[in-house]
Amino acid sequence: MFSAILKIHSISVTIFFLIYFIKTLLLLSNAYEKLERFKSYTKILEMIISTLFLITGIYLITQIPEIKTMLIIKLIFVAASIPLAVVAYKKNNKILALFSLMFIVGAYGLAEMSRAKKADASLTDGELLYEKTCAVCHGNDGKLGMAGAYDLTQTQLTKTEIVNVILNGKEAMPKVQMTEEQANAVAEYVLTTIKKQ
Ligand code: HEC
């Protein structure tokens, strides 16, 4: 469920972003007629996409155990860009459109940054890595079960199989961005500490 919603969210955000980007380009290049035509073609699509984007976004927020500062900043950016965009395209105001685009690009950049930050490649401590990247779903003790996550105290997998799950994902579990060395350290930690609890 969680991963399906996350997928719908990413897809709708991407389409939303594309429509938005094209509109800004048309506006900035004074292509008002094309802009009007584009707006009327994409009107319904945009309504569907932005509703999906919002509903899935709200659902995802309710599923996150702790709201991080980065997420709050991202939300403020998105919230600020929407009214700006509405006014900008109503009045064909380029400056407002640019500001709005900046906010959206900022929010998108922050989302990418926090994803990239998840596994710092210099980190090789299994416990720290586990707490940073796995505990959101599996919990510090392995039993949290967030988003349908498997209870890791009950796993029957071998170390190699766990490394494989981490690097390639499994069913509802998305693959985790980390090096093989890191995945080995985490798998070791899961088998030696989490499973014993
Ligand atoms: C986004 C949530 C999420 C994150 C983050 C996550 N997992 Fe999972 N994990 C899941 C879900 C959901 C499943 C169940 C997959 C399935 O349907 O079989 C799972 C299954 C597993 C399994 C398989 C257990 C078994 O015996 O079948 C292992 C091992 C595992 N996770 C380890 C990890 C480790 C280690 C990390 C951190 C590097 C991690 N997971 C990060 C959600 C997550």
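A polar contact is a pair of N or O atoms within 3.5 Å; inside the protein, one atom must be able to donate a hydrogen and the other to accept it, and residues adjacent in sequence count only if both atoms are side-chain atoms. The model here is a predicted one, so local features need pLDDT of at least 70 and side-chain atom pairs pLDDT 80 or more, while totals for chains, interfaces and linings use all residues. Numbering runs from 1 along each chain as its sequence is written, and side-chain values use heavy atoms, with hydrogens and water left out.

Start with the ligand. An N or O atom in the side chain of threonine 155 sits 2.6 Å from a ligand oxygen. Histidine 138 has a side-chain N or O atom 2.8 Å from a ligand nitrogen, and a polar side-chain atom of lysine 170 is 2.8 Å from an oxygen of the ligand. In all, 23 residues surround the ligand (a heavy atom within 4 Å), and Cys134, Cys137, His138, Thr155 and Met173 are the closest.

Now over to threonine 56, which is part of helix α2 (residues 32-63); helices are DSSP runs of H or I, at least four residues, numbered from the N terminus. Threonine 56 is buried, at 6% relative accessible area (buried means under 20%, with a 1.4 Å probe and protein chains only). A polar atom of its side chain lies 2.6 Å from the backbone oxygen of leucine 52. Beyond neighbours within four places in sequence, threonine 56 is in contact with Ile5, Ile8, His9 and Ser12, contact being heavy atoms within 4.5 Å.

Definitions and conventions. Helix = DSSP H or I, 4+ residues; strand = E, 2+ residues; numbered from the N terminus. Buried < 20%, exposed > 50% of the residue type's maximum accessible area, 1.4 Å probe, protein only.
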